[in-house]
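Student: I would like to learn how to read a few features of a protein model. Could we go through them one at a time?

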Amino acid sequence: MRVSTVATAAMVAGSTQVQAAPTFGLAFGLLKGLTTTVHADINLLLGSLGLGVQTNANIHGQAIGFGGVGCPFSLANQAGVSVNAGLHGGLSHNIGWTAGVNGGAFINWRNFKANGVTLSGWLVQDKSLDVDWWNKYGSDCDDEWSLTAKLGAQAGAVLEARYASYITTSYIDSLAAAGINLLRIPTHYAAWVSVPGSALYHGNQQAYLKTICQYAIERHGMHIVIGLDSLPGGVNGLAAGERIGATAWFNSAENLSYSFQAIDAILGFISATGHVNAFTISPINEPCDVTAQFATQGGLSLGATNFINTYVQGVLKKIGQLDARIPCMVQDAFLGHDYWAPFFSAGANVVIDSHVSFSGAIGAGISAGIGAGVNAAANVGADAGVNAGLNAGANVASAVGAGVGANAGVGAAAGVGANAGVDAAAGAGARVGGGLFGGLLGGLSGNANAGANAGVNAGAKVGGAASAGVGANAGVNAGANAGVAAGANAGVSATPNLSAHLIAPSVCKQASLLKGSGKFPVFVGSYGIQAQEGNTLAGRKTIYNTQKYAYARNLSGGCFSHAKANSNAVAVSGEGCASDYNSFQNLMTANVATKNTESCYC
């Protein structure tokens with residue numbers, strides 16, 4: 001793995017961190033006779049598993065039309081959606097939720113109906129979910145990598161306290177009372193394996209995880225999806241993928257070798273719980289090697305597809321060494337079931353994981369903004385700025401939000417510099433400059449609405465370019481020189497924001513699209529209820545329950561995106577604040593999320 005200056009500092013600091021307890025993976029590896037050698041030769045690595053490098057990416061199926069909106073559904077003024085004025089949900093349903101654990105039987109995702117919650121912000125830290133906690137320890141840090149490096153010798157104590165207190169058994173009780181039968185638990189690879197050069201903390205994560213898993217399984221019969229949200233080198237250029245800007249996992253034999261070691265450790269952990277049948281393994285999350293086109297059909301190259309398939313085939317082999325009845329969850333990279341289906345035999349124990357977002361974090365302005373601010377860069381010129389192009393039609397000045405997360409912006413931390421991500425020769429290219437890595441990536445966790453002062457790390461308000469750190473004519477505001485307003489240099493029409501009243505009818509009409517050909521079961525592994533505009537507190541129940549019902553009726557169920565979100569200071573367009581929409585804890589308190597499925601649109 002590449003070693004950066006930050007990583008080197010972290011290695012020095014790491015010598016005084018809390019030392020990790022012995023892991024289950026080593027014992028599992030020794031039991032199965034597996035090597036712990038780190039391979040630099042991918043053929044040797046794969047040969048030990050009886051595999052070769054996958055090279056058949058061109059047989060992929062049709063990608064579903066996410067189109068940069070973060071969801072696959074047609075919304076306003078498109079075929080397939082019947083929209084009545086406002087939310088009028090009044091239907092109730094008695095859904096026969098499947099038990100997450102049924103004695104010693106293994107789960108069959110074709111029959112299982114999941115009503116899940118993601119324990120985000122627990123073992124993988126997310127700045128947008130707990131701004132106060134984050135600011136206490138590293139307000140100038142935008143990912144866990146840099147936060148851990150900054151904490152140095154204190155990282156172990158700070159993070160271990162977080163692990164112990166953020167998710168507790170009493171919280172699991174409250175989830176069970178709300179009808180939750182599945183927990184999706186993101187982890188970093190550092191929870192499972194120590195990787196030289198990595199700034200991520202390797203400590204006692206497994207001990208805390210074991211406490212919660214065993215309690216949820218034994219007390220409430222919940223199914224557990226253990227996810228590797230990050231892999232060594234970075235899988236998508238986002239904070240949760242390892243660190244912002246990193247996509248070096250792809251095509252690295254060394255990083256693949258460490259990834260397989262993490263899988264061995266997860267399998268050892270599962271075996272040690274005594275509940276092998278209670279788990280599904282999700283070995284990668286939202287992979288993307290073209291970060292500028294994250295959540296679009298252009299976000300994953302054919303080469304990256306081959307590397308993912310090579311990895312997943314290896315994971316399936318390793319799972320089979322413990323018990324092939326343990327399912328493997330393949331995250332679809334916003335490409336859909338049919339894209340991945342040709343790569344696996346019909347008998348493979350695979351479930352496809354699709355993610356759906358309606359907020360500006362993966363908002364409608366992204367794809368249009370890229371097209372306007374990059375593809376048409378020659379017309380935009382040096383005064384336009386990638387950030388303006390990125391937020392095409394997103395009404396940034398009024399902080400509605402379209403990919404500009406809190407502290408994300410276009411200032412120095414975003415790496416934009418004086419050229420605003422578009423050099424004088426207008427050669428922005430597919431990278432979209434630092435503006436994408438700052439302006440887009442900082443807000444990808446579902447809380448993209450910037451608020452009046454958010455988005456510009458250099459200290460300027462979103463509506464003013466003068467001190468935004470991108471030059472006097474950076475074009476941050478939606479007016480002159482932006483190159484993104486209708487007819488202004490870019491020649492691209494503004495993309496309308498997604499209004500909350502469109503979500504429920506769209507989901508009702510089109511949830512079945514995610515099923516694709518039906519070769520494998522499909523699970524909506526992450527969904528939210530916040531829209532880009534028009535959010536109402538009264539409308540939350542209909543949007544939540546409509547998705548809960550539609551995904552169970554048409555697919556294998558779904559999983560709400562965040563167990564907790566302490567983001568009261570993060571504004572949304574409409575009523576309330578971000579935590580009112582993104583925190584499942586708050587939805588339970590407000591009687592929005594209950595055991596009953598009521599107030600549905602369909």
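Predicted model: local features only at pLDDT ≥ 70, side-chain atom pairs only at ≥ 80, totals over all residues.

Student: How many bridges join β3 to β4?

Tutor: Two strands pair if DSSP finds at least two bridges between them; strands (E, at least two residues) and helices (H or I, at least four) are DSSP runs, numbered from the N terminus. Here six bridges join β3 to β4 (residues 223–228), and the two run parallel. From β3 the chain crosses through helix α8 (residues 205–220) to β4, a right-handed β-α-β crossover. Right-handed means that, with the strands pointing away from the viewer, the path from the first strand over the helix to the second runs clockwise.

Student: Which residue of β3 does V117 stand opposite?

Tutor: V117 stands opposite L183. Strand β2 (residues 114–118) pairs with β3 in the parallel sense over three bridges.

Student: Which residues point one way from β3, and which the other way?

Tutor: In a regular strand the side chains alternate between the two faces of the sheet. In β3, L182, R184 and P186 point one way, and L183, I185 and T187 the other way. Six of the six residues of β3 (residues 182–187) are buried. Buried means under 20% relative accessible area, exposed over 50%, and partly exposed in between (1.4 Å probe, protein chains only).

Student: Which cysteines does a disulfide join?

Tutor: A disulfide is a covalent bond between the sulfur atoms of two cysteines. The test used is a pair of cysteine sulfur atoms within 2.5 Å. A search of the whole structure finds one disulfide; this bond joins C508 to C602, with S to S at 2.1 Å. The pair links distant parts of the chain, with C508 in helix α16 (residues 503–510) and C602 in the segment after β10 (597–600), 94 residues apart. The torsion about the S-S bond of C508 and C602 is about -90 degrees, so the disulfide is left-handed.

Note on methods
Residues numbered from 1 in each chain as written. Heavy atoms only, no water.
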